[in-house]
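Please read these notes with the coordinates open beside them.

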Amino acid sequence: LQTNRRRLDWFESHYAREWPSIAHLVVYNSGSVLNPREMPPELLDEILRFARSQPSIRVVSLDSRDSFVTADRVLRAAGALRADQVLRVIVGVESADDRIRNEILKKQMPRDSIVRAFLAAARAGETAGALRAGIDVNILVGGPGTTPRDAPGDALQTARFAWDHSPAPVDFNLHPYYPGRRGRLRFPAQPRCPVSTVARAARAVRDECRS
């Protein structure tokens, strides 16, 4: 805990000049921020108090696996922020295709567990205020299990899945597949996602949103 506090102090001081221009703060710990065993609640409280103290910050996103998203945890985090700030939970759905998500990517995220996380955020929003809590859905574009030709369609289906099942407000993070060392070992035949594919996926999601 003390090590993480020192890290937090470093971030606060090192980026002191940038904080007044930052509107969206993402809290990521290579795991689940809403898992008390990975992110002690008192440390998360300190981070949220800092976010509350920054006038420029309007949105705070917490990265978490679906199984740790509960209405109580989301409500507690949202309640630590100002009334004009929004708490969003990032859920790494990656793909609405069950085969891609669980058999290929090994996400171990059953569809009903994802929907349960969506509903938990919505229940928190009902208490905190409809626009105080929401969901950020990660969409992997051009990843294993897809080709440049069908990747935009997979991205669109993932967005539709979130819209159809989340009563809470939903935003999307589109992540083009970029294989690191582990990715190259697991999926040696899967190339990096072309920029043109990312653009087609983004347009498809945007156009669906507008319609």
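1. In what follows, buried means under 20% relative accessible area, exposed means over 50%, and partly exposed covers what lies in between (1.4 Å probe, protein chains only). At 39% relative accessibility, Asp 207 therefore counts as partly exposed, and Arg 206, at 37% relative accessibility, counts as partly exposed too. Asp 207 forms a salt bridge with Arg 206, the closest N and O atoms being 3.1 Å apart, where a salt bridge is a side-chain nitrogen of Lys or Arg within 4 Å of a carboxyl oxygen of Asp or Glu.

2. On the basis of the model: it is a predicted one, in which local features need pLDDT of at least 70 and side-chain atom pairs count only at pLDDT 80 or more, while totals for chains, interfaces and linings use all residues. Residues are numbered from 1 along each chain as its sequence is written, and side-chain values use heavy atoms, with hydrogens and water left out.

3. The structure holds 11 salt bridges. One of them joins Asp 84 to Arg 58, with the closest N and O atoms 3.6 Å apart. Asp 84 lies in the loop between α3 (71–79) and β3 (86–94), and Arg 58 in the loop between α2 (41–53) and β2, so the pair ties together parts that are 26 residues apart in sequence; here helices (H or I, at least four residues) and strands (E, at least two) are DSSP runs, numbered from the N terminus. Asp 84 is partly exposed, at 37% relative accessibility, and Arg 58 is likewise partly exposed, at 44%.

4. A further salt bridge brings together the side chains of Arg 88 and Asp 136, at 2.6 Å from N to O. This pair links distant parts of the chain, with Arg 88 in strand β3 and Asp 136 in strand β4 (residues 133–141), 48 residues apart. Is this pair of side chains, Arg 88 and Asp 136, buried or exposed? Both residues, Arg 88 and Asp 136, are buried.

5. Asp 63, found in strand β2 (residues 59–63), deserves a separate look. Setting aside residues up to four places away in sequence, Asp 63 touches Val 27, Tyr 28, Gly 31, Ser 32, Val 33, Leu 34, Ile 90 and Asn 138, contact being taken as heavy atoms within 4.5 Å.

6. Turning to helix packing, helix α6 (residues 151–165) and helix α8 (residues 195–210) pack at an angle of about 30 degrees, with their axes 8 Å apart. The axes are lines fitted to C-alpha atoms, for helices over the stretch in contact, and angles run from 0 to 180 degrees between N-to-C directions. Residues of α6 that meet α8 include Ala 151, Pro 152, Ala 155 and Trp 163, and on the α8 side the residues include Thr 197, Arg 200, Ala 201 and Cys 209. The residues of this contact between α6 and α8 divide into 10 nonpolar, one polar and three charged.

7. Thr 158 is also found in helix α6, and Thr 158 is buried, with a relative accessible area of 0%. Leaving aside its neighbours within four places in sequence, Thr 158 is in contact with Val 93, Glu 94, Ser 95, Ala 96 and Ile 139. The C-alpha atoms of Thr 158 and Asp 84, which are 74 residues apart along the chain, are separated by 29 Å.

8. Phi of Lys 106 is near 60 degrees, a positive value in a residue other than glycine, and Lys 106 counts as exposed at 55% relative accessibility. Gln 108, found in the loop between α4 and α5, has a positive phi of about 55 degrees although it is not a glycine, and Gln 108 is exposed, with a relative accessible area of 65%.

9. Finally, Leu 8 is found in helix α1 (residues 2–14) and counts as buried at 14% relative accessibility. Leu 8 and Ile 47 are 39 residues apart in sequence and 7.6 Å apart in space, C-alpha to C-alpha. Not counting residues up to four places away in sequence, Leu 8 touches Glu 46 and Ile 47.

Definitions and conventions
Ala, Val, Leu, Ile, Met, Phe, Trp, Tyr, Cys and Pro count as nonpolar, Asp, Glu, Lys and Arg as charged, and the others, Gly among them, as polar.
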